[in-house]
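The sequence and structure come first, followed by grouped notes.

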Amino acid sequence: MALLCASVSDPSVYFAMNSPAALIGTTVENTSQVINGWCFVVTLEMLSGIARGRSADLCGG
């Protein structure tokens, strides 16, 4: 299951979901800033949608 999720998820979303809080922060704002600093595009709306359970945001769609 984890391999399937990793293969279909947007890389920025995957990192947001699987990186430790000590690295990316504990808020949506911190997380998006850190991951955008890694040259991956992630928006506050994407992360908020994922937190609400919207699967379209998980795949970047």
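The face of helix H4 turned away from its buried side carries the exposed residues Gln33 and Gly37 (exposed means over 50% relative accessible area, buried under 20% and partly exposed in between, with a 1.4 Å probe and protein chains only). The model is predicted, so local features need pLDDT of at least 70 and side-chain atom pairs count only at pLDDT 80 or more, while totals for chains, interfaces and linings use all residues. Residues are numbered from 1 along each chain as its sequence is written, and side-chain values use heavy atoms, with hydrogens and water left out. Helices are DSSP runs (H or I, at least four residues), numbered from the N terminus.

**Helix H4**
- Thr31, Ser32 and Ile35 are the buried residues of H4, which spans residues 28-37.
- These residues cover an arc of only 95 degrees around the axis, which puts them on the same side of H4; the arc is that of the directions from the helix axis to the C-beta atoms.
- The buried residues of H4 pack against H2, H3 (21-24) and H5, where contact means heavy atoms within 4.5 Å.
- Cys39 follows H4 and has a positive phi, near 70 degrees.

- Ala21 lies in H3 and is partly exposed, with a relative accessible area of 43%.
- Ala21 and Thr31 are 10 residues apart in sequence, and their C-alpha atoms are 8.5 Å apart in space.

**Helix H5**
- Met46, Leu47 and Gly49 are the buried residues of H5.
- Seen down the axis of H5, the buried residues fall within an arc of 160 degrees, so they line one face of the helix.
- Glu45, Ala51 and Arg52 are exposed on the other side of H5.
- Gly53 follows H5, with a positive phi near 95 degrees.

**Packing of H2 on H5**
- H2 (residues 11-18) and H5 (residues 44-52) pack at an angle of about 60 degrees, with their axes 11 Å apart; axes are lines fitted to C-alpha atoms over the stretch in contact, and angles run from 0 to 180 degrees between N-to-C directions.
- That angle makes H2 oblique to H5 (under 35 degrees counts as roughly parallel, over 145 as roughly antiparallel, 65 to 115 as roughly perpendicular and the rest as oblique).
- Ser12, Val13, Ala16 and Met17 of H2 make the contact with Met46, Leu47 and Ile50 of H5.

Technical notes: Helices (H or I, at least four residues) and strands (E, at least two) are DSSP runs, numbered from the N terminus.
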